[in-house]
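Please have the sequence and the coordinates at hand while reading.

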Amino acid sequence: MPNPAFEPNVVHVEPGATVRWALEGNRHTVTAYHPDTHGPQRIPDGAEPWESGTLSSTADFEWTFEEEGLYDYVDTRTLCATHEALGAVGRVVVGWPELEGQPAVEPASRELPDAAAESIDRKSDRVREILEEEHGRA
């Protein structure tokens, strides 16, 4: 099985923007890291978590991000293997958030699979680069 991934796996948008995930392949999900949907909280406090449900090869999923912050999400598909265990996680950066206090920049929880935790930690480095390059801050 090829390694599933979100492309691009870090997206930067302004508040109020809608992100659309277009499925390539067979049966995936787009799920916020939040205790109400899946795993630990890795989205801003007070932000609404989302869960696409299982998407087939003909379905897309959209979510509008109103609140500035960092949002980690995962493919929780479990039919043949959990894609989270293969590192299929992504991040949406909304606006120009201060990084302090953002759950998504905390080191990844030990309750996550190793590949997911490593992918999340790499994204934190990339987000710092994005914010420094594009806005002169981190």
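Beyond its neighbours within four places in sequence, A116 is in contact with Y33, E84, G87 and V89, contact meaning heavy atoms within 4.5 Å. The model is a predicted one, in which local features need pLDDT of at least 70 and side-chain atom pairs count only at pLDDT 80 or more, while totals for chains, interfaces and linings use all residues. Residues are numbered from 1 along each chain as its sequence is written, and side-chain values use heavy atoms, with hydrogens and water left out.

A116 belongs to helix 1, which covers residues 114-135; helices are DSSP runs of H or I with at least four residues, strands are runs of E with at least two, and both are numbered from the N terminus. A116 counts as buried because its relative accessibility is 0%. Here buried means under 20% relative accessible area, exposed means over 50%, and partly exposed lies in between, with a 1.4 Å probe and protein chains only. One of the contacts of A116, E84, lies 32 residues away along the chain, yet the two C-alpha atoms are separated by 5.8 Å.

Strand 6 (residues 89-94) is largely enclosed by the rest of the structure, because six of its six residues are buried.

Strand 1 runs parallel to strand 6, with four bridges, and V13 stands opposite V94. On strand 5, G69 also stands opposite V94; strands 5 and 6 are antiparallel and joined by six bridges. Strand 5 (residues 69-74) pairs with strand 3 in the antiparallel sense over two bridges, where T31 has V74 as its bridge partner.

Over the whole chain, the elements run β-β-β-β-β-β-α from the N terminus on. Of its 138 residues, 47% count as buried. Among contacts between residues at least 6 apart in sequence, 70% join residues at least 24 apart.

Conventions:
Two strands pair if DSSP finds at least two bridges between them.
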